[in-house]
There are 2 protein chains.
Amino acid sequence: MGVGRITIEDVAAAAGVSRQTVTRAMNGMPEISARTRELVLRTAAELGYRPSRFASNLAARRKSRSVGLVLGSLRNPYYTELAAELLDVVAPRGWHVLMASREQGDDVELVAALSGQADAIVGYFTGDETALVTAARGVPLIQVERAATVPGLHAVVLDFDAAIEALLGELRDRGARRFGLIESGGPPGEEGAGAYRPTRRRRAYERFADSDSAGRVVVADESIRGGADGLARLRAAHPGVDTVLVFNDLMAMGAMQQAQLDGVAVPGDLRVVGVDGLSLGAVMTPPLSTLSIDRRAVATEAADIVGTLLDRAEPPPHPPVVRTVTPRPLWRESA
Amino acid sequence: MGVGRITIEDVAAAAGVSRQTVTRAMNGMPEISARTRELVLRTAAELGYRPSRFASNLAARRKSRSVGLVLGSLRNPYYTELAAELLDVVAPRGWHVLMASREQGDDVELVAALSGQADAIVGYFTGDETALVTAARGVPLIQVERAATVPGLHAVVLDFDAAIEALLGELRDRGARRFGLIESGGPPGEEGAGAYRPTRRRRAYERFADSDSAGRVVVADESIRGGADGLARLRAAHPGVDTVLVFNDLMAMGAMQQAQLDGVAVPGDLRVVGVDGLSLGAVMTPPLSTLSIDRRAVATEAADIVGTLLDRAEPPPHPPVVRTVTPRPLWRESA
DNA sequence: TTGAAAGCGCTAACAG
DNA sequence: CTGTTAGCGCTTTCAA
């Protein structure tokens, strides 16, 4: 690296052999005598030779594929379980996964950084679509949750409208009457950016809840603490709420903790429902009911879009490819 | 791409300009007229030109660094929080992180696959050290938890001897007398491999517990269910146990759940202590006491080793560089 | 503002 | 078994 990188040429010269012989030794190829191989390996080690992965990938015309993955956070199991699923899905195809998290920086910057290393980028984006596509420099972007409207951008949409309508219906069947929502105000620490915009989950809630319930919304930090805090504020402002829908499971866990602290029985006094379907929710007391997002399906669809796009003969940017996954209620005991 | 990849040359020909002009347009360089740039960009899009990241990295002599990260599982927050910390630590230096999980395959295979893409690989390895170093083909390996004994391998060691000795002492001060251990038998699904080997945590436990306690060990699946199952078996075999140390927090959560099912009060009837220090433990009822591993410190040390090694002028393989992190008890309420 | 030449470091294909 | 010859696809000089 930098000045005077040790190249295959240096090793060849030092060992008194040809470049090709060095290649054969380094890559454990067969057509070489044990002695020569050992000699080469030793001198390579002595010189500190480290092959350039760029040169070797280029020369070998390998088309090792790697997909970038931009997550909202690595501290929320929802995202990491999605990563786990994506890894499971792409590993058999021999693809690599490059991780990035929005905690590290801006959407667009991350995409720009990854675009030089990845053949496609899937992720949770919040930035401007055009800016994202520009930053991607031709690398296809697969956006999860949000729809895609510009060429070069594709999507695995989560249909929260259908899901939340169904959920509220089932909750009413179970006796729920006065709903409230704890909405996410974005990742912790990002407050003050003043950039709060209603999420699709909130919009779906407001659309399908009765009009009184639609007004009972508090915005809180997207974290366990935020959920606890949110519940405290929701109950203070709207004492009569009997059912609370929480932006995600992590926040719902905080809300449950807060309920316990306040002596509110769940689900007796208050039903709590999260969103995500984390397996950890089953360990709560009581186990958390949730609107479960099938992460395996999301990963499969995303990988499938990537595969389709990369194998396509026609020139990109391709018109948006969109798949839909609909979250489903997972009834445990908190509601 | 397979046959007939579209290269910069094709674009140049189609646009009637030189390769260099295409480069300038694609990379947003200044020395080009707006018209030409637009023309080039358009024909590039029409042809579906996608630059080869290998060629461009090679030619530009970029030394974009990427570190591979091999985790035990992406479904255990311990590992993903470690990943989060590592990302935080390396992102400012502009390094990328390539993820892999042992759930996808063998240690050695993963290292072999990553070695062509990463400049260093840090991870939780269980395979044979020599085999790992061979698979790494000169790429430095930084092993977490286990010590490193062969050149090319380095380590961030977790000092469980010191940690568990201290932990048991503090537990005795709190009145604990009859200890038991729920040990990991490895990742779920891997049973039958018959490859169980006592972990360093178990060995430390057996060394520092009284001899009766040292015998009270059950081996269970490394999962929430495994922890639940382990506690059931431990209590059946050794009814008098008043304190149980669990291999990790995830398993400890399962154990707590089982205790609740069985009507065993925690910590009144049974103290439960996990290992890892997951923040999620704080949401349990009661909050989980644990032997906390400072993941930020592990990530920092690992990144530091990587930085040192890659900037070193002397030839690798370097003699092992070893740093140590000592876990510390984090008292919440379960013990 | 544009183009021509000269590699980047490595491996495939072919000889010997 | 080993060496030679051509590139891989792009970016950097340096001229024009």
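Chain A and chain B bury about 5,200 Å² between them, and 59% of that is on carbon and sulfur atoms. Buried area here is the accessible area (1.4 Å probe) that two parts lose on being put together, summed over both. Three residues, Arg50(A), Arg53(A) and Phe54(A), supply 13% of the area that chain A buries against chain B, more than any other three residues.

A quick word on the ground rules: this is a predicted model, where local features need pLDDT of at least 70, side-chain atom pairs count only at pLDDT 80 or more, and totals for chains, interfaces and linings use all residues. Residues are numbered from 1 along each chain as its sequence is written, chains are lettered from A and ligands numbered from 1 in the order in which they are written, and side-chain values use heavy atoms, with hydrogens and water left out.

Back to the two chains. If you count contacts (heavy atoms within 4.5 Å), 61 residues of chain A touch 61 residues of chain B. How are the two copies related? A rotation of 180° with 0.1 Å of shift along its axis superposes chain A on chain B, with an RMSD of 0.2 Å.

Now for the DNA. Of the atoms of DNA strand C that come within 4 Å of the protein, 58% belong to sugar and phosphate.

Here are some polar contacts (pairs of N or O atoms within 3.5 Å):

| Protein atom | Atom of DNA strand C | Distance |
|---|---|---|
| Arg19(A), polar side-chain atom | base oxygen | 2.9 Å |
| Ser18(B), backbone N or O atom | phosphate oxygen | 3.0 Å |
| Thr36(B), side-chain N or O atom | phosphate oxygen | 2.5 Å |

The elements giving two or more residues to the surface near DNA strand C are helices H2 (19-26) and H4 (53-59) of chain A, together with H2 (19-26) and H4 (53-59) of chain B. Helices are DSSP runs (H or I, at least four residues), numbered from the N terminus. H2(B) gives the most, with four residues.

Definitions and conventions. A residue is near a molecule or strand if one of its heavy atoms lies within 4 Å of it. A polar contact is a pair of N or O atoms within 3.5 Å; within protein, one must be able to donate a hydrogen and the other to accept it, and residues adjacent in sequence count only if both atoms are side-chain atoms. Copies are superposed by least squares on the C-alpha atoms of residues with pLDDT of at least 70 in both.
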